[in-house]
Amino acid sequence: MSNPVLPSSPTAKRPHGPAGPAPLRSSPTRVVSPLSVIRAVTKALWVTFLNLFRKPVTVHYPDEERKYPDRYRGLLALVYEKDTGEEACIGCRLCEYVCPPAVIKVEMLKTEKRNYAKSFSLELYACEFCELCVQVCPTDAIVMMKSFDLATADRREMLLDKDRLHAIGLQHQQSWATGNLLRAMQGPPKMARAEEVHAKPAGSQA
Amino acid sequence: MPAWLSPLVAPFIVLNVVIGLVTYVTLLERKFAARMQSRIGPYRVGPHGLLQPIADALKLMMKEDIVPRTADRRVYNLAPIVFLVPCMLIFATIPFAPGLGVADLNIGILFFLAVSSMEIVGLFMAGWGSNNKYALLSAMRAVNQIISYDLPFIFAALVPVLLAGSLKLSEIAAAQQGLWFIFYPVIGQLAFIAFVVSTLAAENRVPFDILEAESELVAGFRVEYSGMKFALIQLGEYAHVIGSSFLGAVLFLGAWAGPGPEWLGPLWMLLKAMFLFLLITWVRWSFVRIRVDQILTLSWKVLLPFTLLLLVSTAFVVVWRAGV
């Protein structure tokens, strides 16, 4: 009886009774009352029966535009300033620094009045749509669009340059979020901040 | 028409009608299942997806026919046909209207029950010939299950036989022109439930679908099949389900009985069979798969004694009523 795992070896004599291998699976010990089974069965059938008369939730996608939520995180785009019509991006490269997958590359073009982005490239195929670039943008230049039409047969088409980003901005509807709106949300409420200032006397800062 | 040709006409028509019906029943099932899940199902091919079955058939015909290198070629290639033939044969004895059927045998229901359980041969051949562990496991489960559920299935189907006093399907149908057997007090309803449950199990439909349990066995015994062979197996499965639905309509729902002129009979028959089919589909989308041991427990410890008792008590009722 060197190896109990192989009871069929010729030397091993298999005793009957408790020494034999345990039965694989005894019949279920939990007794289920037939009434509860019937109740469960009718309940399950009732659920699917009710579903039969509900309106399908399907949206016929290409024929029918789905309704986007206000804060949809979709395609990224660059926008123009509303009042002057100039490019809103000042090439400050904050989005480049904050981008976790590092898909944004910006070069700054310095001019006398204000700065511009000399080039702005966004590798959309690696973008994770975290919206951090939108959150940090000081001039609300980079925003997200209410669209997910990203499909393309060629991956290179998803390397977006400045012109493409501006074109996308004109093509789709803009999502609610912009940098300034988001930052206003993230700080403590104005009242609380005012109270904080009042609570601390000017001399105690040390 | 030559004399040898005339007996072949009716089977030819029925065969083609059945194949067409099966093709479109897949669409019916998909639409119905979709509505149960708040979807709309096939919609793109043709108006409301009406051409979807044809597109599916064309696609399957164009697929490459793959035979696994280690498969037992002869068994593997023969299995879909062996599987399909009994599934088509069961339509032979079904009367679609008075005098409208291929062969109204005087042992019609016995023929149906005997032939319908012969599909297991083809099923096991498919599982064995594929030389695939999933397919083999699935085939063994299927044999196990179908043997277990054939007895309750037969006992449940024999209750209307006792009530009508005939094994001939057309006479069973004719006996229900007054009162459908499903409305026969107590016995009728119980027998119908037993019939539906054992049909579900005999067809390997959810919740008794352990032989094609996707999460365990990929696709069961047909995992190695592709192209037209796969289509034949699917055709056989659906034909079997529809054949059982027709049998249920004949045995319990009064076959062609219904309001309207007599020529509407086949339509009523079809409607009742489709009702039964949708009932089976409804059950399919309402339950989860149950365990192997639970399936066997349900068969041997619950359904078998229950249907046997039902059969015996039906016999007593029939004798008692004949005596009165």
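1. Among contacts in chain A between residues at least 6 apart in sequence, 72% join residues that are at least 24 apart, where two residues are in contact if their C-beta atoms, placed from the backbone, lie within 7 Å. The model is a predicted one, in which local features need pLDDT of at least 70 and side-chain atom pairs count only at pLDDT 80 or more, while totals for chains, interfaces and linings use all residues. Residues are numbered from 1 along each chain as its sequence is written, and chains are lettered from A and ligands numbered from 1 in the order in which they are written.

2. Chain A holds six helices and five strands, helices being DSSP runs of H or I with at least four residues and strands DSSP runs of E with at least two, numbered from the N terminus. Along the sequence, these elements of chain A follow the pattern α-β-α-β-β-α-β-β-α-α-α. Of the 206 residues in chain A, 17% are buried; a residue is buried if 20 or more other C-beta atoms lie within 10 Å of its own, exposed if 12 or fewer, and partly exposed in between, with C-beta atoms placed from the backbone.

3. The sheet of chain A deserves a careful look. Three strands of chain A form an open sheet in the order 2-3-5, with antiparallel pairing, and two strands pair if DSSP finds at least two bridges between them. Strand 2 and strand 5 (159-160) of chain A stand at the edges, each with a single partner strand, so one side of each is left without a neighbour in the sheet.

4. Within this sheet, strand 2 (residues 104-109) of chain A runs antiparallel to strand 3 (residues 116-123) of chain A, and six bridges join them. A hairpin of six residues connects strand 2 of chain A to strand 3 of chain A, and L109(A) has Y116(A), in strand 3 of chain A, as its bridge partner. Strand 3 of chain A is also joined by two bridges to strand 5 of chain A, again in an antiparallel arrangement, where L160(A) in strand 5 is the bridge partner of L122(A).

5. Helix 4 (residues 162-171) of chain A lies across strand 3 and strand 5 of chain A, and runs at about 80 degrees to strand 3 of chain A. For such values, axes are lines fitted to C-alpha atoms, for helices over the stretch in contact, and angles run from 0 to 180 degrees between N-to-C directions.

6. In chain B, the axes of helix 5 (residues 119-129) and helix 6 (residues 133-164) come within 7 Å and cross at roughly 160 degrees. That makes helix 5 of chain B roughly antiparallel to helix 6 of chain B, given that angles under 35 degrees count as roughly parallel, over 145 as roughly antiparallel, 65 to 115 as roughly perpendicular and the rest as oblique. The crossing of these two helices is left-handed, a term used if the near helix is turned anticlockwise from the far one by less than a right angle, with right-handed used if clockwise.

7. The residues that meet here include L123(B), F124(B) and W128(B) in helix 5 of chain B, and A139(B), A142(B) and I146(B) in helix 6 of chain B. By class, the contact of helix 5 with helix 6 of chain B has eleven nonpolar, two polar and no charged residues; Ala, Val, Leu, Ile, Met, Phe, Trp, Tyr, Cys and Pro count as nonpolar, Asp, Glu, Lys and Arg as charged, and the others, Gly among them, as polar.

8. Two residues of helix 6 of chain B can be followed individually. A139(B), placed in helix 6 of chain B, counts as buried because it has 26 C-beta neighbours inside 10 Å. Leaving aside neighbours within four places in sequence, A139(B) is in contact with several residues, including F124(B), W128(B) and F221(B). Q145(B), also found in helix 6 of chain B, counts as buried with 22 C-beta neighbours inside 10 Å, and its contacts, with neighbours within four places in sequence left aside, include N204(B), F208(B) and I295(B).

9. Helix 1 of chain B packs with helix 11 (residues 265-284) of chain B at an angle of about 45 degrees, their axes being 10 Å apart, which makes helix 1 of chain B oblique to helix 11 of chain B. Their crossing is right-handed, and the residues that meet include F32(B) from helix 1 and F277(B) from helix 11 of chain B.

10. Finally, the contact between the chains takes twelve residues from chain B and eleven residues from chain A. On the side of chain B that touches chain A, the elements giving two or more residues are helix 1 (6-36) and helix 12 (292-323) of chain B, and the residues of that side divide into five nonpolar, four polar and three charged.
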